[in-house]
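Please look over the sequence and the model shown below before reading on.

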Amino acid sequence: MQQVLKYLEQNQTRFIGELCDYVRFPSVSAQPQHKGDLAACANWLHQHCQSVGLRSRLCPTEGNPIILARTFQQASRSRPHFLVYGQYDVLPAEPFELWQSPPFEPRIAGRSLFGRGACDNKGQHFAHLKAVEGYLKTGTELPCELTFLIEGEEEVGCTHLGAFLKSNREELKCEAIVISDTGIPSLKHPALTYSLRGIAAIEVEVRGPSRDLHSGIYGGSVENPAMALCQLLGKLRDKNGRITIPGFYDDVVPLTSYERKQLARLPFNEKEHRDFLGVPKLFGEKGYPPVEQRSARPTLEINGLTSGYQGDGSKTIIPAWARAKITMRLVPNQKPARIIKLAQQHLKRICPPAVRLEVKPGHGGEPYLVSPTSRKAQAALRALKTAFGCEPVLLREGGSIPIVTDFKKILGADALMLGLALPDDNPHSPNEKFSLDCFEKGMRMGAWLWQELAQN
Ligand SMILES: [Zn+2]
């Protein structure tokens, strides 16, 4: 083990350079013009896995290829097998003008590496890859068998991963899946995330006249779709921050007192949090502290709102239509399909008769929960403690990783979420970065993890 740790320490500079090469690929899965970049990125990663000594395969899917890189030729029944999951695709980098340096030209400042995808998720699974390189290149025997599964469609809903898991179920059977795609409160608070929120998306369209109308000639006798949409959306939440869709909270499992106690251990300073977010005041569901509001309570957010004229100057019209994109974050045991249905029914019920309404269902992902007191969770906590040199915390993550529930359903395995993102890493925002300290400690955690997990 000492040899592995020494190898990781001695090769830091090279590892950082390799991560920069990886981040340089604009592997944006949402934008068709980047199809070639995704293929090039997958190919680079596949070759990189081979060069560190893994048996890597580039598996075609109907979408972007999936990389399967294993430590073994044939799985042995006597050794435990674990999966490491990651994604090589990234979110669009727009708006470009808000980046301090180009998103696909990695830049190092202090102990941060800036670039789209540095944190979400290239840097995080790359740390695991480097930890395993440490074993393979020093001839240190791994106490278990490992498969890296790195896909290229995470940011567009893991379109083809479910089918891939199903058709490779036997090969992918494992004790647990390790995923580093969540956050930690600080370098002094490494964390195991034991719950994720789910998600349910809808698109709401309100249509009025058959075309944009002159607001002087017709205004006053025709409903304005933008106004109607605003009024509809405004009714979805009350002044206490409660969602007003009937039945929305029916399946929510309340927190246990143990969980509330664990969450209360997390460092939280309201003023700092406010300043960091740039808001004059926090807002959330009444009766819950902010830490619970953003991880253990369901929400409804407007993600985008479009209607009418947005160019220079003014244009006096009644727009023909107005649209909103909405996502709801769900907690155990809310079901996305049911929540989407409830939202559709409610919006139809309250829509004014002077406009037409269409509510299109979008993607959904179920919430997730794994026992923080299980043996595997405890093993992961020990690895965190050794690598970071301090007592880890338990977290509920506000975000969603829909594939975690698929892993559970298809492979029957729980996920250990050992994220390495700091609160100011800006994943999904301009100026995304990854902490090089997290990278370094993440590699050490990756190295210790297999020792701890295999002992179980
Ligand atoms: Zn993401």
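## A buried alanine and its contacts

Leaving aside residues up to four places away in sequence, Ala-421 touches Cys-119, Gln-124, Thr-182, Gly-183 and Ile-184. The model in which these contacts are found is a predicted one. Ala-421 is placed in the loop between β17 and β18.

Ala-421 counts as buried because its relative accessibility is 9%, and buried residues are those under 20% relative accessible area. Glu-141 stands 280 residues from Ala-421 along the chain, and the C-alpha atoms of the two are separated by 29 Å.

Distant parts of the chain are linked by the pair Glu-155 and His-428, which are 273 residues apart. Glu-155 belongs to the loop between β6 (145-151) and α5 (161-167), whereas His-428 belongs to the loop between β17 (414-417) and β18 (433-435).

Glu-155 counts as buried, with 17% relative accessibility, while His-428 is partly exposed, with a relative accessible area of 45%.

## An open antiparallel sheet

Four strands form an open sheet in the order β11-β13-β9-β14, and their pairing is antiparallel. At its edges are β11 (299-307) and β14 (356-365), each of which pairs on one side only. On average, neighbouring strands of this sheet are turned by 15° against each other, direction ignored.

The antiparallel pairing of β11 with strand β13 (residues 321-330) extends over 8 bridges. Within β13, Arg-323 stands opposite Thr-306.

## Helices against the sheet

Helix α7 (residues 225-234) packs on the sheet and touches β9 (198-207), β11, β13 and β14. The direction of α7 makes about 20° with that of β13.

Helix α11 (residues 336-350) lies across β9, β13 and β14. Relative to β14, helix α11 runs at about 165°.

How values were computed: Residues are numbered from 1 along each chain as its sequence is written. This is a predicted model: local features need pLDDT of at least 70, side-chain atom pairs count only at pLDDT 80 or more; totals for chains, interfaces and linings use all residues. Side-chain values use heavy atoms; hydrogens and water are left out. Helices (H or I, at least four residues) and strands (E, at least two) are DSSP runs, numbered from the N terminus. Buried means under 20% relative accessible area, exposed over 50%, partly exposed in between (1.4 Å probe, protein chains only). Contact means heavy atoms within 4.5 Å. Two strands pair if DSSP finds at least two bridges between them. Axes are lines fitted to C-alpha atoms, for helices over the stretch in contact, and angles run from 0 to 180 degrees between N-to-C directions.
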